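Dear colleague,

Please find below the structure that I am handing over to you. My notes on what was found in it follow directly after.

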Amino acid sequence: MRLTVLLLVLSACSAYADMSACACDPARPETMTVRPCSLCREAEKQPPDIDFFFLKDNNPRKPNRWLLLPRAHHDGVGGLAQMSRAQRTKMWRLAIERARQLWGDGWGLAYNGDKVRTQCHFHVHIGKLLAGVETDRFIVVSGPEHIPVPKDGTGLWIHPAGDKLHVHLGEQTTETVLFR
Ligand SMILES: [Zn+2]
Ligand SMILES: [Zn+2]
Ligand SMILES: [Zn+2]
């Protein structure tokens, strides 16, 4: 019985590793035709000299969502850590600026953990924070340059709190705190 459970856990882990350790190569477009690479293909359509771009979430069940993506492929596991500190700060600043334009002080950002992400290309979800989602698992930071990089493959979600930011840590599925 115990062995069966262990085997199930192991097979689930390898399935996830296949998904997130994406084997796509921008130099070989034929490697990006699979569904988890659809955002990789969107990145390749962008002008080569830009750092970041916005996309409306194309999921018809999430009509109020936007995404922010880097043009470069920080794909698969640990995308945040693949960026330089300066790139991360710029990315969070852009995401917050757009989120505030869309939702005023009601905005939220979400980055899913490595285990639940279904697209290999790095992306941050931008939306309206739902009511009642607050927890006590957060740190308070004063600006985008202080948003940490999770080291354990978990995601994070962010929302304003006065003139500071809450960064909620330690969760895999984070985008569910945002209005669809
Ligand atoms: Zn890909
Ligand atoms: Zn990519
Ligand atoms: Zn909070």
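**Findings**

Among the contacts in the chain with a separation of 6 or more, 65% are accounted for by residues 24 or more positions apart; two residues are in contact if their C-beta atoms, placed from the backbone, lie within 7 Å. The model is predicted, and local features need pLDDT of at least 70, side-chain atom pairs count only at pLDDT 80 or more, and totals for chains, interfaces and linings use all residues. Residues are numbered from 1 along each chain as its sequence is written, while chains are lettered from A and ligands numbered from 1 in the order in which they are written.

The secondary structure comprises four helices and seven strands, in the order α-α-β-β-α-α-β-β-β-β-β along the sequence. Helices (H or I, at least four residues) and strands (E, at least two) are DSSP runs, numbered from the N terminus. Of the 180 residues, 31% count as buried. A residue is called buried if 20 or more other C-beta atoms lie within 10 Å of its own, exposed if 12 or fewer, and partly exposed in between, with C-beta atoms placed from the backbone.

I turn next to the nonpolar core. Such a core is a set of buried Ala, Val, Leu, Ile, Met, Phe, Trp, Tyr and Cys residues joined through C-beta atoms within 7 Å. The largest one has 32 residues, of which Cys 40, Leu 68, Ala 95, Leu 109, Val 124, Ile 126 and Ile 158 touch the most other members. Two or more residues each come from H2, E2, H4, E3, E4, strand E6 (155-161) and strand E7 (164-171). H4 contributes the most, with five residues.

Arg 88, Met 91, Trp 92, Ala 95, Ile 96 and Ala 99 are its buried residues. Seen down the axis of H4, they fall within an arc of 130°, so they line one face of the helix; the arc is that of the directions from the helix axis to the C-beta atoms. On the other side of H4, Ala 86 and Gln 101 are exposed. The buried residues of H4 pack against strand E1 (52-56), E2, helix H3 (79-82), strand E3 (107-111) and strand E4 (124-128). After H4 comes Gly 104, with a positive phi near 55°.

In helix H2 (residues 38-45), Leu 39, Cys 40 and Ala 43 are buried. Their arc, viewed down the axis of H2, is 105°, so they line one face of the helix. These buried residues pack against strand E2 (66-70).

In strand E3, five of five residues are buried: Trp 107, Leu 109 and Tyr 111 on one side, Gly 108 and Ala 110 on the other. E3 runs antiparallel to E4, joined by four bridges, and also pairs with E6 in the antiparallel sense over three bridges. Strands are said to pair if DSSP finds at least two bridges between them. Ala 110 stands opposite His 125 in E4, and Leu 109 opposite Ile 158 in E6.

Finally, Val 140 lies in strand E5 (residues 138-141). Val 140 counts as exposed because it has 11 C-beta neighbours inside 10 Å.

Yours sincerely
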